[in-house]
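The exercises that follow are meant to be worked through with the sequence and the 3D view side by side.

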Amino acid sequence: MTDDIRHMRHALSLAERGLGRVWPNPAVGCVIVNGTQIVGRGFTQPGGRPHAETVALAQAGAAARGATAYVTLEPCSHHGKTPPCADGLIAAGVARVVVALGDPDPRVNGRGIAALQAAGIKVETGICEAEARAAQVGFLNRVTLGRPMVTLKMASSLDGRIATASGESQWITGPPARRLVHAMRARHDAVLVGGGTARADNPTLTVRGLGVEHQPLRLVWSRGLNMPLDGNLALGAREVPVWICHGPDVAADLLRTWQHTGVVLIESALDASSQLDPAAALQALGRAGLTRVFCEGGGALAAALLKADLVDELIWFSAGLALGAEGRPALGGLGLNHLSEASRYKLQSCRAVGEDVLHHWKRADQRQIQE
């Protein structure tokens with residue numbers, strides 16, 4: 001059992017290399033062990049193919065016969081753009097497969113394990129299941145809830161302000177914190193901001209300074225598409241993709257103008273306050289294949305996601321300064337009258353990042369992604 005845990009954790013570390021690069025597929029890792037020797041390793045490749053098992057089996061070759069394969073998610077059993085991984089493991093002659101987590105995708109959902117067992121392969125499940133589930137929140141959310149995982153990142157002063165009264169906000173946090181944010185962006189499928197932030201800050205939302213070639217999708221929620229056509233996002237949409245979620249009543253000529261920039265437009269329903277409905281927008285993004293979204297605000301969008309209880313992880317950087325009551329608050333109104341109405345989060349870690357402090361929180365109730 002100790003060896004099983006060690007090899008599965010190795011597979012989980014490999015799987016992490018695919019985060020942000022493999023959507024709509026899950027980021028999976030696979031390690032193949034024959035006796036005491038690791039003969040194959042693989043993880044889901046950029047774009048979602050080839051799958052982790054295919055990569056590891058190709059590396060192992062004939063040494064896969066009689067070996068044990070450690071896979072972080074149940075091997076697929078359906079014919080898609082690639083053959084089923086369960087069939088590949090059977091054909092390679094592996095003797096045992098250890099699976100961390102079952103795949104809830106209706107096309108799989110136990111069929112991969114059943115196929116292996118029917119071929120006489122010993123299958124064990126549940127090794128490092130909690131770690132695998134935590135790593136697969138994005139994929140699990142999309143399959144079971146129809147929406148991607150949402151990580152909300154905030155950076156504020158000690159008194160919860162994100163800008164002075166005049167709007168000055170660059171930079172509240174220091175270079176180490178900003179560098180870490182770029183690394184976080186790289187592990188998500190898309191980086192999200194609201195239309196107000198896009199107008200005020202003219203962001204690029206790219207990963208910079210880390211030598212990363214892959215760029216996450218840039219995503220904006222703008223009800224009326226009232227954003228500058230000469231801004232960084234519009235001008236760079238053909239180099240790094242930009243998607244904009246908008247309301248149903250945008251004029252046809254404005255839609256055509258934005259489409260000509262290369263931006264992908266996604267229509268979403270409005271809520272009772274005539275703003276973009278965050279739940280509906282996330283469902284639309286889930287249908288489009290996104291599994292992991294990194295939201296960087298601003299305050300109105302952050303509040304809307306929190307109010308709708310759609311934030312799965314919360315990353316909060318606190319800087320060592322105070323901006324006072326006249327400063328701009330990190331969050332817009334939540335409309336809460338009682339503490340019981342607020343979503344609760346569990347602290348995962350707290351550490352210094354340069355001169356700032358990072359708090360990492362996860363939602364206290366994870367039931368919806370475990371069903």
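**Exercise 1.** Determine which residue of strand 12 stands opposite Ala 190, and work out how strand 12 is joined to strand 8 and strand 6 in this predicted model.

*Solution.* Begin with the residue asked for: Ala 190 has Val 293 of strand 12 opposite it. Next, widen the view to the strands, where strand 8 (residues 190–194) and strand 12 run parallel and are joined by 3 bridges. Then turn to strand 6 (residues 149–156), which pairs with strand 12 over 4 bridges, again in the parallel sense.

The last step concerns the side chains. In a regular strand they alternate between the two faces of the sheet. In strand 12 (residues 292–295), Arg 292 and Phe 294 point one way while Val 293 and Cys 295 point the other way, and all of them are buried.

**Exercise 2.** List the buried residues of helix 12 and find what covers them.

*Solution.* Along helix 12 (residues 299–307), the buried residues are Gly 299, Leu 301, Ala 302, Ala 303, Leu 305 and Leu 306. Their cover includes strand 6, strand 8 and strand 12, together with strand 9 (217–221), helix 11 (278–287) and strand 15 (345–353).

**Exercise 3.** Describe how helix 3 and helix 4 pack against each other.

*Solution.* Two packed helices are described by the angle between their axes and the distance between the axes. For helix 3 (residues 85–92) and helix 4 (residues 111–118), the angle is about 20 degrees and the axes are 9 Å apart. Because angles under 35 degrees count as roughly parallel, helix 3 and helix 4 are roughly parallel to each other. Their crossing is right-handed. The contact is made on one side by Ala 86, Leu 89 and Ile 90 of helix 3, and on the other by Gly 112, Ala 115 and Leu 116 of helix 4.

**Exercise 4.** Work out which strands stand at the edges of the open sheet of 5 strands.

*Solution.* Read the order of the strands, which is 2-1-3-4-5, with mixed pairing. Strand 2 (37–43) and strand 5 (122–125) each have a single partner strand and therefore stand at the edges, with one side of each left without a neighbour in the sheet. From one strand to the next, the twist averages 15 degrees. At one end of the order, strand 4 (residues 96–99) runs parallel to strand 5 and is joined to it by 4 bridges, and Val 98 stands opposite Glu 124 in strand 5.

**Exercise 5.** Find the aromatic pair and decide whether Trp 23 and Trp 243 are buried or partly exposed.

*Solution.* A search of the whole structure gives 1 aromatic pair. The ring centres of Trp 23 and Trp 243 are 5.9 Å apart and their planes stand at 85 degrees, so the pair is edge-to-face. Since Trp 23 lies in the loop between helix 1 (2–15) and strand 1 (29–34), and Trp 243 in strand 10 (residues 242–246), the pair ties together parts that are 220 residues apart in sequence. For the accessibility, Trp 23 has a relative value of 23% and counts as partly exposed, whereas Trp 243 is buried, with a relative accessible area of 11%.

Note on methods. Residues are numbered from 1 along each chain as its sequence is written. This is a predicted model: local features need pLDDT of at least 70, side-chain atom pairs count only at pLDDT 80 or more; totals for chains, interfaces and linings use all residues. Side-chain values use heavy atoms; hydrogens and water are left out. Rings of Phe, Tyr and Trp (its six-membered ring) pair if their centres lie within 6.5 Å; planes under 30 degrees apart count as stacked, over 60 as edge-to-face and the rest as tilted. Helices (H or I, at least four residues) and strands (E, at least two) are DSSP runs, numbered from the N terminus. Buried means under 20% relative accessible area, exposed over 50%, partly exposed in between (1.4 Å probe, protein chains only). Two strands pair if DSSP finds at least two bridges between them. Axes are lines fitted to C-alpha atoms, for helices over the stretch in contact, and angles run from 0 to 180 degrees between N-to-C directions. Angles under 35 degrees count as roughly parallel, over 145 as roughly antiparallel, 65 to 115 as roughly perpendicular and the rest as oblique. A crossing is left-handed if the near helix is turned anticlockwise from the far one by less than a right angle, and right-handed if clockwise. Contact means heavy atoms within 4.5 Å.
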